[in-house]
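This report describes one protein chain in plain terms. Please look at the sequence and the model below before reading on.

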Amino acid sequence: MTTILTVDPLMPFPLSLMRPWHMARICKGYANSGGRTQVKVSASSSLLDKQGIVNDAGNLSRAIRETPGDIVVLGHSRGDQVAGVCLRDPDTYLRDVAPERVRFILLGNPERSYRPGVTYIDGTQLKTTPTDTAFTVWDIARRGDYYADRRPEIKAPLAQLIHMSYGNLDLEHPPEPLK
């Protein structure tokens, strides 16, 4: 049995009303199908809490350490940023965790390593999520995703909709990588 640790995206009101079931439905229900069991990692949803992502990385680290067997960390958007903290500092967050037991699937990652030169809202340089770690990392973005694969030819409203549209992505048969 594989446990899917899900880390929610930032979902301000009224989208926050979807929070209880968003990650359960994403990727064709991947977290709850095929004998997998979903466990939600406690995560804040405040834009104002500058330590929120770091605190949530501690929650994810605890969940990984306390969960027996094989684990997939499934994040979306802000959830990927939480996973990114763990992957950037494995000595703190993933110490004594066997890499063959845990893999990461990141959807719509604003900190993907394929987007150099991007800044946060406050203008500070974006930290990239490493994909060359001892852990398997799938960093998946839909073409035109506003936060993970911004394209000038795709206008912001559509690009933001694309960012929230990972529901029908089939992780059993992943798409070809973006080029």
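## Terms and source

A residue is called buried when its relative accessible area is under 20%, exposed when it is over 50%, and partly exposed in between, using a 1.4 Å probe and protein chains only. By that rule Thr 3 is buried, because its relative accessible area is 6%.

The model is predicted, so local features need pLDDT of at least 70 and side-chain atom pairs count only at pLDDT 80 or more, while totals for chains, interfaces and linings use all residues. Residues are numbered from 1 along each chain as its sequence is written, and side-chain values use heavy atoms, with hydrogens and water left out.

## The chain as a whole

The protein chain has five helices and five strands. Both are DSSP runs numbered from the N terminus: helices are H or I with at least four residues, and strands are E with at least two. Along the sequence, their pattern is β-α-β-α-β-α-α-β-β-α.

Of the 179 residues in the protein chain, 45% are buried. Contact means heavy atoms within 4.5 Å. Among contacts with a separation of 6 or more, 70% are between residues 24 or more positions apart. The accessible surface of the chain is about 9500 Å², and 57% of it belongs to carbon and sulfur atoms. Accessible areas come from the Shrake-Rupley method with a 1.4 Å probe; for residues, only the protein chains shown count as cover.

## The sheet

In what order do the five strands form the open sheet? The order is β2-β1-β3-β4-β5, and the pairing is parallel. Strands β2 (37-40) and β5 (136-140) stand at the edges with a single partner strand each, so one side of each has no neighbour in the sheet. From one strand to the next, the twist averages 20°. Axes here are lines fitted to C-alpha atoms, for helices over the stretch in contact, and angles run from 0 to 180 degrees between N-to-C directions.

Two strands pair if DSSP finds at least two bridges between them. Strand β4 (residues 102-107) runs parallel to β5 and is joined to β5 by five bridges. Ile 105 has Trp 138 in β5 as its bridge partner. Helix α2 (residues 52-66) packs on the sheet and touches β1, β3 and β4. The direction of α2 makes about 175° with that of β1.

Thr 3 lies in strand β1 (residues 2-7). Apart from neighbours within four places in sequence, the contacts of Thr 3 include Thr 37, Val 39, Asp 70 and Val 72.

Helix α3 (residues 78-88) is mostly covered, with 10 of its 11 residues buried. Among the buried residues of α3 are Arg 78, Asp 80, Gln 81 and Leu 87. Their cover includes β1, α2, β3, α4 (90-93), β4 and β5.

In helix α5 (residues 156-163), the buried residues are Ala 159, Ile 162 and His 163. Seen down the axis of α5, these residues fall within an arc of 105°, so they line one face of the helix. The arc is that of the directions from the helix axis to the C-beta atoms. The buried residues of α5 pack against β3 (70-76), while Pro 157 and Leu 161 are exposed on the other side.

## Cysteines

How many disulfides does a search of the whole structure find? The search finds zero, a disulfide being a pair of cysteine sulfur atoms within 2.5 Å. Cys 27 is buried at 3% relative accessibility, and Cys 86 is buried with a relative accessible area of 0%.
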